[in-house]
Amino acid sequence: MDEKSSSSSHHRLLIVLLMVLLFGVIMVQYMCPSRSECQMLHQVGSWLKVGSATGSRSSGNEVQDGLPKDPYIAEDGALVRFVPRFNFTKADLNRVVDFNIKGDDVIVFLHIQKTGGTTFGRHLVRNIQLERPCECHAGQKKCTCYRPGKKETWLFSRFSTGWSCGLHADWTELTSCVPSRMDSREVPKNMPSRNYYYITILRDPVSRYLSEWRHVQRGATWKASLHVCDGRSPTLSELPSCYSGDDWSGCSLQEFMDCPYNLANNRQTRMLADLSLVGCYNVSAMSEEERWAVLLESAKRNLRGMAFFGLTEYQRKTQYLFERTFNLEFIAPFTQLNGTRASSVDVPPETQHRIRQLNRWDVELYEYARDLFLQRFQVARQQERRQARERRQQERRRLRGRLTTKQGRQLKPTEAPLQPDRHFVVTEEQQREKVGGDNVESEVLFPEWWDLDENSTMEDYMDNVEQW
């Protein structure tokens, strides 16, 4: 008898412990919905939910907490509640341009090496819904991107005009070269000045650096780059080479990092800055620290002034912001690919730290760009939701104003109007008494205050919640 009671008490204890563990798992998910916010708790929760993980994956990810899942949240592992670090003006965040593809406006793509620019460049010529799509033929490197009704291009990029200003021309080269290239024809005096909308793509500095090393290791040199600044290319003493042969193929990562003249170091900052501010490639004009501080501020300023920039790590958001900025739509959605050659490189933590030190200015620029990018995305989404909410409210107002009964008629002008400070409910029997026997369908537009609840739907409630 004692053995049975002891066994029963043990079973009850186990049941209580299991219930406590289950309750703990539920509370972890409730208190920390974002994995990045409570990594340790989510790791514990994942150990306890091994059995249920397969079932949850099989049900799909289209619905979360009973609502349609936002496709922009999970695609890149970004925090649900993004906390801004930098203060930007309203003009910096509300970036929408009046791009006139039928006029003379031109989109100029500044292509920085190993940022995913080749993929984005192909999107520009092959994946945009246009009245007159770009003509791309097999075996040809360039596409013809003419305006509707004109034999004139609206896109200045590798896949439309080629490397017209030099291989991977930077901001200094493009801003001085593109206008002369585009306006080489005779321009009537009464024609308004052309608008040039500069765009670019940035990437995490460590990943970009490793990707460039692998590319150089396979034989890439970019020898055709002109590096023109203040009307001339740098001399060999101003820009020495890191290798003596035809290329640097087979170089080790250590050799790549040890070259003090390696243009891979802080490439994104240099290519986005105005090099004429620091004497171009003449490094003797000022100290290295002062030189790079000036270049960084110039790169930030130019980045803010660009019509658009995207980030390799945020493909879907990049697509969304480009479409909203230029009022153009892509045919197929962008894909987030994380399996790059750089991601396959097993780099020790100390080597990654060395790379970050070599690219300290790029690291600071990227953090600044990421903050601006996510703030722009957040503002754009809030504006889109607000506009959708206003459309829903207008539709509800219109529907609520339509009083349709089996026997109805238009309200008589002599009848007392509804008072805004009273709760007035008309039953179906009272309505029949008012309208008599007439079989008329009526529509009454109520004023804005009439039974208007901004949070009457779950969508409205979610739209009204600020997620900073």
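**Cysteine pairing in the predicted model**

The sulfur of Cys 251 is 9.0 Å from the closest cysteine sulfur, in Cys 242, which is too far for a bond. A disulfide is taken here as a pair of cysteine sulfur atoms within 2.5 Å, and by this rule the count comes to 5 disulfides. The structure is a predicted model, in which local features need pLDDT of at least 70, side-chain atom pairs count only at pLDDT 80 or more, and totals for chains, interfaces and linings use all residues. Residues are numbered from 1 along each chain as its sequence is written, and side-chain values use heavy atoms, with hydrogens and water left out.

Helices (H or I, at least four residues) and strands (E, at least two) are DSSP runs, numbered from the N terminus. Buried means under 20% relative accessible area, exposed over 50%, and partly exposed in between, with a 1.4 Å probe and protein chains only.

- Cys 251 counts as buried, at 2% relative accessibility.

**Cys 165 and Cys 177**

- A disulfide joins Cys 165 to Cys 177, with an S to S distance of 2.0 Å.
- Cys 165 lies in the loop between strand S4 (155-156) and helix H7 (171-182), and Cys 177 lies in helix H7, so the pair ties together parts that are 12 residues apart in sequence.
- The link of Cys 165 and Cys 177 is left-handed, with -85° about the S-S bond.
- Both Cys 165 and Cys 177 are buried.

**Cys 229 and Cys 280**

- Cys 229 is joined to Cys 280 by a disulfide, S to S 1.9 Å.
- Cys 229 lies in the loop between helix H8 (205-217) and helix H9 (253-258), whereas Cys 280 lies in the loop between helix H10 (267-272) and helix H11 (288-305), so this pair ties together parts that are 51 residues apart in sequence.
- The torsion about the S-S bond of Cys 229 and Cys 280 is about -70°, so the disulfide is left-handed.
- Cys 229 is buried, with a relative accessible area of 3%, and Cys 280 counts as buried at 9% relative accessibility.

**Cys 242 and Cys 259**

- A disulfide joins Cys 242 to Cys 259, with the sulfurs 1.9 Å apart.
- This pair links distant parts of the chain, with Cys 242 in the loop between H8 and H9 and Cys 259 in the loop between H9 and H10, 17 residues apart.
- With -80° about the S-S bond, the link of Cys 242 and Cys 259 is left-handed.
- Cys 242 counts as partly exposed, at 24% relative accessibility, whereas Cys 259 is buried, with a relative accessible area of 9%.
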